[in-house]
Amino acid sequence: AYEPNLEAFEKFKKTLTKNFFKNIEIFNYGLSDIEKKVKMITWYKHGYPKTNSVILEDNHDINNSKIFDTKLKVGDELLNYKNEKLCIKIDVEGHELSVLKGLAKNLTENKCMILVESGDIKFGDVNDFLINNNYKIKPQALELKIGTTFTYDSIRKLHAIMPKVNFYWIMGADNLCNMHNWYNWKKIFY
């Protein structure tokens with residue numbers, strides 16, 4: 001897991017320790033296509049974060065927020081897979097295209113199924129990148145297609161359908177911090 005927000009990173013580390021997760025690594029930086037330092041912002045309501053962190057832009061309302069500096073690193077400089085079957089989930093709050101570009105080598109040297117959670121604003125850019133790099137685009141509601149509702153059931157079903165695929169899940173660790181509320185959450189990573 002890659003989590004650039006130090007507060008969420010520390011919370012997630014505690015969750016991993018408390019629940020004895022041994023097969024999850026967490027890193028306190030984000031992924032991108034260029035290694036750089038950026039400012040990020042998280043908005044708060046009643047002292048609690050009400051959104052995930054995003055890269056600070058000039059048009060952001062900075063009221064009731066926390067701004068922090070963090071690092072972004074290039075995915076291809078950290079991950080070096082070749083001739084593997086990979087499943088990659090990307091949920092990075094508007095930075096999807098940069099993450100994909102930073103993973104370009106891994107994406108071309110492996111057979112990848114990529115699940116990208118992208119808002120409407122950035123969808124066209126992500127879609128164009130994938131099409132221009134010869135990916136078959138199949139937008140779908142995965143759970144509807146395979147007949148599941150919960151993440152645990154979806155993962156089980158995908159493993160049954162594709163037993164030789166290595167699954168990799170890339171998402172902000174702030175989402176993983178709340179996994180204890182998910183159905184069968186302990187079985188997802190064990």
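User: Rings of Phe, Tyr and Trp (for Trp, its six-membered ring) pair if their centres lie within 6.5 Å, and planes under 30 degrees apart count as stacked, over 60 as edge-to-face and the rest as tilted. By this rule, to how many aromatic pairs does the count come?

Analyst: This is a predicted model, in which local features need pLDDT of at least 70 and side-chain atom pairs count only at pLDDT 80 or more, whereas totals for chains, interfaces and linings use all residues. Residues are numbered from 1 along each chain as its sequence is written, and side-chain values use heavy atoms, with hydrogens and water left out. By the ring rule, the number of aromatic pairs comes to five.

User: Is the aromatic pair of Tyr2 and Phe27 stacked or edge-to-face?

Analyst: The two ring centres are 5.4 Å apart, and the angle between the planes is 25°. Because planes under 30 degrees apart fall in that class, the pair of Tyr2 and Phe27 is stacked.

User: How many residues apart are the parts of the chain that Tyr2 and Phe27 link?

Analyst: Helices (H or I, at least four residues) and strands (E, at least two) are DSSP runs, numbered from the N terminus. Tyr2 belongs to the segment before helix H1 (6-18), whereas Phe27 lies in the loop between H1 and S1. The pair therefore links distant parts of the chain, and the separation of Tyr2 and Phe27 in residues is 25.

User: Is Phe27 buried or partly exposed?

Analyst: A residue is buried under 20% relative accessible area, exposed over 50% and partly exposed in between (1.4 Å probe, protein chains only). Tyr2, at 12%, counts as buried. Because the relative accessible area of Phe27 is 28%, this residue is partly exposed.

User: What kind of aromatic pair do Tyr152 and Tyr183 form?

Analyst: Tyr152 and Tyr183 have ring centres 6.1 Å apart, with 70° between the planes, as an edge-to-face pair. Tyr152 is buried at 13% relative accessibility, whereas Tyr183 is partly exposed at 39%. The kind of pair is edge-to-face.

User: Which residue lies over the face of Tyr29?

Analyst: Tyr29 forms one aromatic cluster with Tyr2 and Phe27. A charge sits over a ring if NZ of Lys or CZ of Arg is within 6 Å of the ring centre and within 35 degrees of the ring normal. At 4.4 Å from the ring centre of Tyr29, the residue over its face is Lys73.

User: How many residues has the largest nonpolar core?

Analyst: A nonpolar core is a set of buried Ala, Val, Leu, Ile, Met, Phe, Trp, Tyr and Cys residues joined through side-chain atoms within 4.5 Å. In the largest one, the residues with the most contacts inside it are Leu100, Leu107, Cys112, Ile114 and Leu130. Strand S6 (85-91), helix H3 (96-102), strand S7 (111-116) and helix H5 (120-132) each give two or more residues to this core. The number of residues in the largest core is 16.

User: How many residues make up the other core, which has Ala1, Phe21, Ile24 and Ile26 among them?

Analyst: Ile24 is found in the loop between H1 and S1 and counts as buried at 15% relative accessibility. The C-alpha atoms of Ile24 and Ala1 are separated by 7.2 Å, although these residues are 23 apart along the chain. The core that includes both lies apart from the largest one, and its number of residues is eight.

User: In which strand is Phe68 found?

Analyst: Phe68 is buried, with a relative accessible area of 14%. Contact means heavy atoms within 4.5 Å, and, not counting residues up to four places away in sequence, Phe68 touches Pro4, Asn5, Val38, Lys39, Met40, Ile41, Thr42 and Ser53. Phe68 is found at residues 65-74, in strand S5.

User: How many bridges join strand S2 (residues 36-45) and S5?

Analyst: Two strands pair if DSSP finds at least two bridges between them. Strand S1 (residues 30-32) runs parallel to S5 and is joined to S5 by three bridges, with Ser32 as the bridge partner of Val74. S2 pairs with S5 in the antiparallel sense, where Lys37 stands opposite Lys71, and the number of bridges between S2 and S5 is eight.
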